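Welcome to the tour. Please open the model in your viewer and keep the selection tool handy.

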Amino acid sequence: MSVKLQSIALGFLSRISPTKKLAIWLMLVVSTLVVGGVQWQSGAKIQTDILAMLPKVSESPLTQRAMAAVEQQLANRLYIGVIAADKSEAVNSASLLMQQLKTHSAAVFTDVASADISQAQALNAFYFPYRFNLLTDRQQQQLSQQQWPQLTQASLQKLYSAFGYANSGLISQDPLLLYPDNLLALAPKQALSVQNGVLLSTLPQNNSHTSPKYIAIVMAKGLQSAFSPNAQQQQLAALEQAMSAVTADNAEVSFIKAGALFHAAAATDNAKQEVSSIGLISLVGVIALVWLAFRSVMPLTIAIITLSSSLLFAIVLTLLVFGELHLLTLVFGTSLIGIAIDYCFHFYCERLNNPSLDANQASLTILPAISLALVTSIVAYGSLGLAPFPGMQQVAIFCAAGLIGAYLTLVFAYPKLACAKLKDSQHLLDIADRYQNFMLKRVMPSSRLTSSIWLLVGMTFTAMGLNQLRSDDDIRQLQHTPTAIQQQEDSLRTVLSGGTDNQFLLVHANSEEALKLQLEQLEPLLESAAKQQLIGNHFSLSRFLPSEKTQASNYLLQQQIYLDNLTEILARLGIEESIAQPLVDEYHAANGRYIEANTFINSAAGQQLAPLWLIPEQGSDYGAIVMLGGIKQLDKLSTLFSNNPNVQLIDKVGEISKLMSHYRQLTLALLVIALIAALAIFTLRFGIKLAIIVVCVPAFSALLTLSALGLLQAPLTLFHALALILVFGIGIDYSLFFAEAKQQTRGVMMAVLMSATSTLLAFGLLAFSQTPAISAFGLTLLIGISFTFLLSPFIQIFTRKTAEC
Amino acid sequence: MRLMLLKRACQQLILLTTLLLASSASFGADNQTDFTTLFSQQASSAELEQLTQQLSPSPQAKGLFTQHRYLKVLKKPLLSHGNFVFSKQLGIVWQQQSPFSSTLILQAGKLTQIDSQGQIQVTQAQQSASTSQLSQLMPTLLNALLSGDLQTLQQHFKLSIHSATSNNPQWQLGLTPIDPMVQKAMPRLVLSGETHIQTLILFSDNQDRSRIEFSELVEQPLTEQDKARFSPAIADILRETQ
């Protein structure tokens, strides 16, 4: 049936003149351009957010909101440490830096601050009216045990101290001076002091002999995402300008920086550098290759036309389906160049091998092989698209569309465009021929003994390799950070005493009070976790939002002060009696007036903490985020909360790593499916025996690649698996070209030689990239294509034999 | 490190102890001496140089103090007596002996308080935000005040001076804190003396004030017993034997 279909198609295509074909192709290109233009006008864009590429974590809406809130808090922040030998120099330079950042003409930063004094006033202003509801643990104990001598004595001591905070204003409103301790209890322990509104610390020195240095901290938030290349440039420029203004004022000052911006900028720099080094080498290599083969620039022009139209189809169709194009799709998707260019090489090698054919005839001759190659490649990529992973679906659509574009170019544009006569350059054809003969005659085992030895070597290699093959799906491994940036970040982390991890606790309950109670119950648990060194620190709203139950009990305890014993207390402290009545009135007025979450997060004091409190939406629970820092043992930590259905440990990095692992396995499984699908398609055309052989070469290549990765101790990731699919796809093409060519394989061998070399130049070199994901992709292609190339001549033996019989 | 931005809100609480002073109600003017003329006179470097010479600062000192605290809401001023030991290297021991005993040991980055029940409370400035303002600033200031280290004082205060004259050997030094937070809590300080410092007056915004008089100042090197007082456990034993 397929043969019949083929002859109909061939008959149809052979009747159309090359000029008409070109017209068809031009129409296709123009209409695609129009569709693309319409897409672009209607707001299609290139997505740069890496998270959009990753699969959606299937979490409850509340969890998703919590994740978004935490991300929002952590993203786009940057920290700058201003280092000087003298305290006041550090403080002054930091103030200057802040002023520079705030007044920069293009406002790229917001929330430029160090110590925020107005915030402190806001907290004091918020909590003071609620002081009758606030007591520390120790105060609760003293009041419930009626330890009046201790309570009054403690107050008296503060009154006598000239260096403390006791003064007329406070005493008249809080005679036992209980409020300051409560306010201080809100502050987490940390090592920073404040001078002139600037956070200040000493810088830890590696060398005890050097004089101590001081570091002042400045914080800022980028208005736009640090991952947007434009915003990145603007922010870096603004920062650079501000810092040089500071160094112009005081040359002794130095800086350390931390924040996503610097990681992102380093990645951009790295990419640029690699594009210019690796990119240049591969471009020069490919041009040299084409020149060597055909001694003409025409094939190169044709190759560029093929690739351009291929990319055009790919981009427009992806935009049509997804409405956006992810930058990573573009990066991985360009690997289809490796296949698209094969079509071009195959065409030219055929012409070189059969100089009697014109362009139209040559395109018709290779049509069956190319069509079959297209179908199998689309099937292979289509299987990628089955994964519920937005990134992989995009790559699948992108590559499939790109290949169709290249195919259509070959069928319709080549007959007219590539009709120029080729120089009769048999040079590379001869090399390919000699190579093939060498492989077949010398390397091919001639006796049973040598074949057994080869088999044994192969099996040992595979066994050892597969045995050592490990996987590592931790997405943090995928991030490459230059040591200089990491060191600065580590120093700042030390100064800022620890920090926050990406993991956090989400506590939820069906009412505000229930949630507050949950948070209160969590507190001792987290404190013991800190004692056991499971975590370094934690930050909960609990101390800011005590439960109504606690507030009511504190209010009741203070009744003893304001209603039962006020006269004695005032007498003991020597305070004027006139303050008694206003105090009693105030106490009564405060009855039933509780600190509520809503009031707090909408106040000037609570605004900054608002992201940690999640108000119910669409019938969800109330939620609160508890931030964790310095997590040492995540597994042990998670068991602490496993019994409590109201507390969840959210670990997005872990979740994504798990998903990556899942999709790595899925991709490898899809590889097997693609293999079976290819086998089925080939059986229709070649019969089962030849089909098995055609599939065997790429399958063995994949297996050997995996083994080699194992021996190289490269832990397997999703990106290795993705590259393996490509290796398989290219391998299938090679086999197919051989199988279709039957006897005349000189041209095929050269096409394969050129295709393999160009793929190695274009993608194999990516193995030397600094970015782990790209390097993994490149390394797999490097090894995989090499094996495929080495194995490909052997197909011919079988194809010949099978064709003969 | 990213928790910092949330913590930031709370870090500011360090300042609150001092802010409370500022936020409380003002009371009527007191009958204290008016230092307006003093604070209107910006100190020149020559005057400060002269003062340094007059003071002949010593790296250590000990003596007695008498403190009057005038608080508007109290029926009568709080009068207390005690002694102090000061060493440029070790810090300050500030021991109140009457009407009840309590000790404050201010050392670099560390504040030790011993209350009348003998309970010791140690706060490391590096650990607790609450002590930062008090324990980091006060030792530096007292150190500088007691040793007459005008350079350090100039880093933290605007200085004004009423120099000694031939018929009045007493000088007065007015100090206005530079840090706005400290200024809110303690808008003005006045230090006066002749060859030694004699009086320190601390004003607070709401017309409360403290007047500390120093006496029996000894500037000889400290004895081992004096030095031992910087170690809280021993200070505590000493306190109990007294």
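**Before you start**

This is a predicted model, so a few ground rules apply: local features need pLDDT of at least 70, side-chain atom pairs count only at pLDDT 80 or more, and totals for chains, interfaces and linings use all residues. Residues are numbered from 1 along each chain as its sequence is written, while chains are lettered from A and ligands numbered from 1 in the order in which they are written. The model scores ipTM 0.82 and pTM 0.72.

**Stop 1**

Select chain A and show its C-alpha trace. Along its principal axes, the trace spans about 120 × 60 × 55 Å. The radius of gyration of chain A is 36 Å, whereas a compact globule of 805 residues would come out near 28 Å. (This radius is taken over C-alpha atoms, and the globule rule is 2.2 Å times the number of residues to the power 0.38.)

Switch to cartoon and you will find 31 helices and 13 strands in chain A. Helices (H or I, at least four residues) and strands (E, at least two) are DSSP runs, numbered from the N terminus. Buried residues account for 45% of the 805 in chain A. A residue is called buried if 20 or more other C-beta atoms lie within 10 Å of its own, exposed if 12 or fewer, and partly exposed in between, with C-beta atoms placed from the backbone.

Of the contacts in chain A between residues at least 6 apart in sequence, 81% join residues at least 24 apart. Here two residues are in contact if their C-beta atoms, placed from the backbone, lie within 7 Å.

**Stop 2**

Colour 18-47 + 295-425 of chain A as domain 1, and 427-472 + 652-805 as domain 2. These bounds come from an automatic or database domain assignment. Between the centres of the two domains of chain A, taken over C-alpha atoms, there are 23 Å. Domain 1 of chain A brings 29 residues to the contact and domain 2 of chain A brings 34.

Now select α15 (337-353) and α16 (359-385) of chain A: these are the elements that give two or more residues to the domain 1 side of the contact. That side divides into 19 nonpolar residues, eight polar and two charged. In this count Ala, Val, Leu, Ile, Met, Phe, Trp, Tyr, Cys and Pro are nonpolar, Asp, Glu, Lys and Arg are charged, and the others, Gly among them, are polar.

**Stop 3**

Next, select residues 213-222 of chain A, which form strand β6. Eight of its 10 residues are buried, so strand β6 of chain A is largely enclosed by the rest of the structure.

Which strands pair with β6(A)? Strands are said to pair if DSSP finds at least two bridges between them.

- β2 (residues 77-84) of chain A pairs with β6(A) in the antiparallel sense over eight bridges; A:Y79 has A:M219 as its bridge partner.
- β3 (residues 109-113) of chain A is antiparallel to β6(A), with three bridges; here A:A113 has A:M219 as its bridge partner.
- β5 (residues 198-203) of chain A runs antiparallel to β6(A), joined by five bridges; A:T202 stands opposite A:Y214, and A:L203 opposite A:K213.

From β5(A), step across to β4 (residues 193-195) of chain A, an antiparallel partner of β5(A) over three bridges. A:V194 is bridged to A:L199 in β5(A). The two strands β4(A) and β5(A) form a hairpin with two residues between them, and A:N196 in the turn has a positive phi of about 50°.

**Stop 4: A:Q232**

Select helix α11 (residues 229-249) of chain A and pick out A:Q232. Is A:Q232 buried or exposed? A:Q232 is buried, with 23 other C-beta atoms within 10 Å. Leaving aside neighbours within four places in sequence, its contacts are A:A226, A:L261, A:A264, A:A265 and A:T268. Draw a C-alpha to C-alpha distance from A:Q232 to A:A265: these residues are 33 apart in sequence and 6.6 Å apart in space.

**Stop 5: chain B**

Finally, select chain B, with nine helices and 11 strands. Buried residues make up 44% of its 242 residues. The average for chain B is 74, and 74% of the residues score at least 70. Over residues 1-32 of chain B the pLDDT is below 50, and this stretch has 113 contacts in the model beyond near neighbours in sequence. Residues 126-132 of chain B are also below 50, with 22 such contacts.

Technical notes: pLDDT = per-residue confidence, 0-100.
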